[in-house]
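Biologist: Can you walk me through this model? I have the viewer open and will ask as we go.

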Amino acid sequence: DAGMPGISEPGDPLITSAIEQGITVIPVPGPAAVTTLLSVSGLPTDKFIFEGFLPRKSGQRKKRLEELKDEERTMVFYESPHRLQDMLEEAKEIFGDRKVCVGRELTKKYEEILYLSLAEAIIHFTKRAPKGEFTLVIAGAK
């Protein structure tokens with residue numbers, strides 16, 4: 001009746017199944033990129049944390065990621081194209097190779113949603129320079 005489908009609602013298993021079967025899942029624009037991407041991420045949405053932008057400086061960013069290392073909830077971040085590669089590498093170093101859903105230019109003409117591991121995302125953006133606004137949904141600790 002209300003809310004964003006797939007965010008702490010029964011739609012989560014259906015979305016995950018569709019992604020696993022290669023079916024394209026397209027989000028309906030929500031009030032923010034955090035809920036738009038989270039709703040189609042294929043990661044648990046019953047409990048999540050929104051971190052927004054991490055600190056710009058590597059040392060401060062790594063410190064915050066270390067604090068989140070054992071976080072079991074799904075984590076959502078915003079990142080600029082200029083810092084995306086560093087953030088992905090630091091996240092893999094600290095979290096290990098977790099699942100990540102990367103959204104670029106959500107609800108805009110060049111929208112792109114990728115379902116990868118952190119290692120695959122690093123390779124992807126090494127081959128293809130990041131452009132646009134990014135939202136990342138990273139799996140929590142097991």
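**The β3–β4 loop and the rest of the chain**

Modeller: Glu-105 lies in the loop between β3 and β4; helices (H or I, at least four residues) and strands (E, at least two) are DSSP runs, numbered from the N terminus. The model is predicted, so local features need pLDDT of at least 70, side-chain atom pairs count only at pLDDT 80 or more, and totals for chains, interfaces and linings use all residues. Residues are numbered from 1 along each chain as its sequence is written, and side-chain values use heavy atoms, with hydrogens and water left out.

Biologist: What is phi of Glu-105 near?

Modeller: Phi of Glu-105 is near 55 degrees, a positive value in a residue other than glycine. Glu-105 counts as buried, at 16% relative accessibility. Buried means under 20% relative accessible area, exposed over 50%, and partly exposed in between, with a 1.4 Å probe and protein chains only.

Biologist: And Thr-107, where is its place?

Modeller: Thr-107 is also placed in the loop between β3 and β4. Its phi is positive too, about 65 degrees, although Thr-107 is not a glycine. With a relative accessible area of 44%, Thr-107 is partly exposed.

Biologist: Let's zoom out. How many helices and strands does the chain come to?

Modeller: Five helices and five strands. Their order from the N terminus on is α-α-β-α-β-α-β-β-α-β. The radius of gyration, taken over C-alpha atoms, is 14 Å, close to the 14 Å that the globule rule gives for 142 residues, so the chain is as compact as a globular protein of that length. That rule is 2.2 Å times the number of residues to the power 0.38.

Biologist: What box do the C-alpha atoms fill, and what percentage of the residues count as buried?

Modeller: The box is roughly 45 × 35 × 30 Å, taken along the principal axes. Of the 142 residues, 47% count as buried. Among contacts with a separation of 6 or more, 70% come from residues 24 or more positions apart; a contact means heavy atoms within 4.5 Å.

Biologist: Now the sheet. In what order do the strands come?

Modeller: The order is β1-β2-β5-β3-β4, in an open sheet of five strands with mixed pairing. Two strands pair if DSSP finds at least two bridges between them. At the edges are β1 and β4 (112–117), each pairing on one side only. From one strand to the next, the twist averages 15 degrees.

Biologist: How many bridges join β1 to β2?

Modeller: Five, and the two strands run parallel. As for individual partners, Ile-49 is bridged to Met-75 in β2.

Biologist: Which strands does α5 touch?

Modeller: Helix α5 (residues 118–127) packs on the sheet and touches β3 (99–104), β4 and β5 (134–138). The direction of α5 makes about 125 degrees with that of β4. Axes are lines fitted to C-alpha atoms, for helices over the stretch in contact, and angles run from 0 to 180 degrees between N-to-C directions.

Biologist: Switching to α3. Which of its residues are buried?

Modeller: In α3 (residues 58–68), they are Arg-61, Leu-65 and Leu-68. They cover an arc of only 55 degrees around the axis, which puts them on the same side of α3. That arc is of the directions from the helix axis to the C-beta atoms. Gly-59 and Lys-63, on the other side of α3, are exposed.

Biologist: What covers the buried residues?

Modeller: The cover includes β1 (48–53), β2 (74–79) and α4 (84–95).

Biologist: Last topic: how many salt bridges does the structure hold?

Modeller: Eight, each being a side-chain nitrogen of Lys or Arg within 4 Å of a carboxyl oxygen of Asp or Glu. One of them pairs Glu-51 with Arg-64, with the closest N and O atoms 2.9 Å apart. That pair links distant parts of the chain, since Glu-51 is in strand β1 and Arg-64 in helix α3, 13 residues apart. Glu-51 is partly exposed at 21%, and Arg-64 is partly exposed at 26%.

Biologist: What about Glu-112 and Arg-128, how far from N to O?

Modeller: The distance in that salt bridge is 2.7 Å. Glu-112 lies in strand β4 and Arg-128 in the loop between α5 and β5, so the pair ties together parts that are 16 residues apart in sequence. Glu-112 is buried at 16%, whereas Arg-128 is partly exposed at 36%.

Biologist: Which residues do salt bridges that share partners join into one network?

Modeller: Glu-51, Arg-64 and Glu-67.
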